[in-house]
Amino acid sequence: MPDVTRIALIGGIYSNYHALVATLADIARRGSEATYFLGDLGAFGPYPDRIPELLIENGIQGIQGNYEESLSTGATDCHCGYTDPRDNFYAQISYDYTAKNTSDSHKNWMGTLPRSMRLTVGDTRVLLSHGSPRKINEFLWRSTSPDAFLGKMCDDYQADVIVCTHSGLHWHKRLSGGRHIVNVGVIGRPANDGKTNVWYTMLTISGPKVDVEFVPVDYDHHALAREMRKEKLPNEFIETIETGWWTTCLEILPARERAAGKF
């Protein structure tokens, strides 16, 4: 792919098809040579079958997240990587709803997705992963990922740019030697900042130069909240969509990221 310079990257979608439609429209307006999703298509929101339909219809390529791995293999939980009982309680609600409402054909399609993807743009090697190149459900947080650790990961996996998602919070670190780690965030729910918009990432590569832009996307979150109520999804999930503050899956957050939120 030597001619690709602008790559749009979509993190966890979490069944938020309203946000996916808005994100794809924004990417089309801005222009990109390629668009990729990084897994976790289901969870949290309603009507999970709408996400594969939109991705397939628009010819968007991507990789498995832990959700796709679990759904395609008939696992009984999402293998999200949580350790706290409350986090796992809500994760199980999400997974059970998604598994029940995802068609067998889409589960089979999820099983065909690769676990990672390598792109070469000129001399720049880009590795797309879900949690990390090491583990599909590894959480990479900015505050707990030292540069030396991230640099070794680039060395171990022979990548100049490692792209991930899973944690739900977007961040970017420039490392020595022109290397980069980019967590693209998610479009499935807000970034725990009191705002209702979500985020995707635009990667621009020009020769050895790599630019990372986090792009905010507004969408009809009121419509999403109404549909979540109709589907009897937890009020805690709906509160996050309506307020921009996480109310679940909080215990996994490191101290600095937890302190930036409301709860």
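**Close-up 1. The surroundings of Ile63.** Skip the neighbours within four places in sequence, and Ile63 still has contacts (heavy atoms within 4.5 Å) with Phe37, Leu38, Gly39, Leu113, Pro114, Arg115, Ser116, Met117, Leu128, Ser129 and His130. One of these, Leu113, sits 50 residues away from Ile63 in sequence, yet the two are 5.3 Å apart in space, C-alpha to C-alpha. Ile63 itself belongs to the loop between β3 (61–62) and α3 (66–73); helices (H or I, at least four residues) and strands (E, at least two) are DSSP runs, numbered from the N terminus. Its relative accessibility is 0%, so Ile63 counts as buried (under 20% relative accessible area, with exposed over 50% and partly exposed in between; 1.4 Å probe, protein chains only).

A word on the model: it is predicted, so local features need pLDDT of at least 70 and side-chain atom pairs count only at pLDDT 80 or more, while totals for chains, interfaces and linings use all residues. Residues are numbered from 1 along each chain as its sequence is written, and side-chain values use heavy atoms, with hydrogens and water left out.

**Close-up 2. The link between Cys78 and Cys80.** Here a disulfide (a pair of cysteine sulfur atoms within 2.5 Å) ties Cys78 to Cys80, S to S 2.1 Å. The count by this rule is one disulfide.

**Close-up 3. Cysteines without a partner.** Cys164 is in no disulfide, and the nearest cysteine sulfur, in Cys154, is 11 Å away. Cys164 is also buried, at 0% relative accessible area.

**Close-up 4. Helix α1 against helix α2.** The axes of α1 (residues 17–30) and α2 (residues 50–57) come within 10 Å and cross at roughly 15°; axes are lines fitted to C-alpha atoms, for helices over the stretch in contact, and angles run from 0 to 180 degrees between N-to-C directions. That makes α1 roughly parallel to α2 (under 35 degrees; over 145 is roughly antiparallel, 65 to 115 roughly perpendicular, the rest oblique). On the α1 side, Tyr17, Leu20 and Val21 meet Arg50, Ile51, Leu54 and Leu55 of α2.
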